[in-house]
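Dear colleague,

I am handing over the structure below, and I would be grateful if you could look it over beside the notes that follow.

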Amino acid sequence: MAQEIERKFLVKDNSYREKAFSSSHIKQGYICSARGRTVRIRIRDGKGYLTIKGASDSSGISRYEWEREIPLQEAEELMSLCEPGMIDKTRFLVRVGQHVFEVDEFYGENQGLVVAEVELGSENEDFERPDFLGEEVTGQVKYYNSFLMKNPYTHWNR
């Protein structure tokens, strides 16, 4: 099984934009968003993807992930089977040291939320922290895309 090991952070400024080497627009929905198992449909840069994720470990850092590219037309058709709510975001890729940070700017009902994730080879792997990183939110369910779909950021009481 493929394990996804990542840490997630809030982003405190937009300096990542000038450091990004790539960006792409992403729309995604969930056929299943039950806690501990999600089935996601994603359209990114004109390509479709089907992703299945398992439950996170107790630290929230590691979980099973399986992803395959699927034909765009099939992804568009599967979007009609998704639960209500849609994630709409731009992902910026920023290289920092030996790692690439994925910085997501959300739109729609999640407007104003910007998070950064870094994938690691192990839970204890060290990584260089860029200046734009804020508070770590790894393992906080409210920052999972599947949660944001049901409980958008703009609806949170701050």
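**Glu136 and its surroundings**

Leaving aside neighbours within four places in sequence, Glu136 is in contact (heavy atoms within 4.5 Å) with Arg7, Lys8 and Phe9. This is a predicted model, in which local features need pLDDT of at least 70 and side-chain atom pairs count only at pLDDT 80 or more, while totals for chains, interfaces and linings use all residues. Residues are numbered from 1 along each chain as its sequence is written, and side-chain values use heavy atoms, with hydrogens and water left out.

Glu136 lies in strand 9, residues 133-136 (strands are DSSP runs of E, at least two residues, numbered from the N terminus), and Arg7 has its place in strand 1. The side chains of these residues, Glu136 and Arg7, are joined by a polar contact of 2.5 Å, that is, a pair of N or O atoms within 3.5 Å, where within protein one must be able to donate a hydrogen and the other to accept it, and residues adjacent in sequence count only if both atoms are side-chain atoms.

Arg7 counts as buried because its relative accessibility is 13%, whereas Glu136, at 29%, counts as partly exposed (buried is under 20% relative accessible area, exposed over 50%, partly exposed in between, with a 1.4 Å probe and protein chains only). Not counting residues up to four places away in sequence, Arg7 also touches others, including Ile61, Ala116, Phe127 and Thr138.

Best regards

Terms used. Helices (H or I, at least four residues) and strands (E, at least two) are DSSP runs, numbered from the N terminus.
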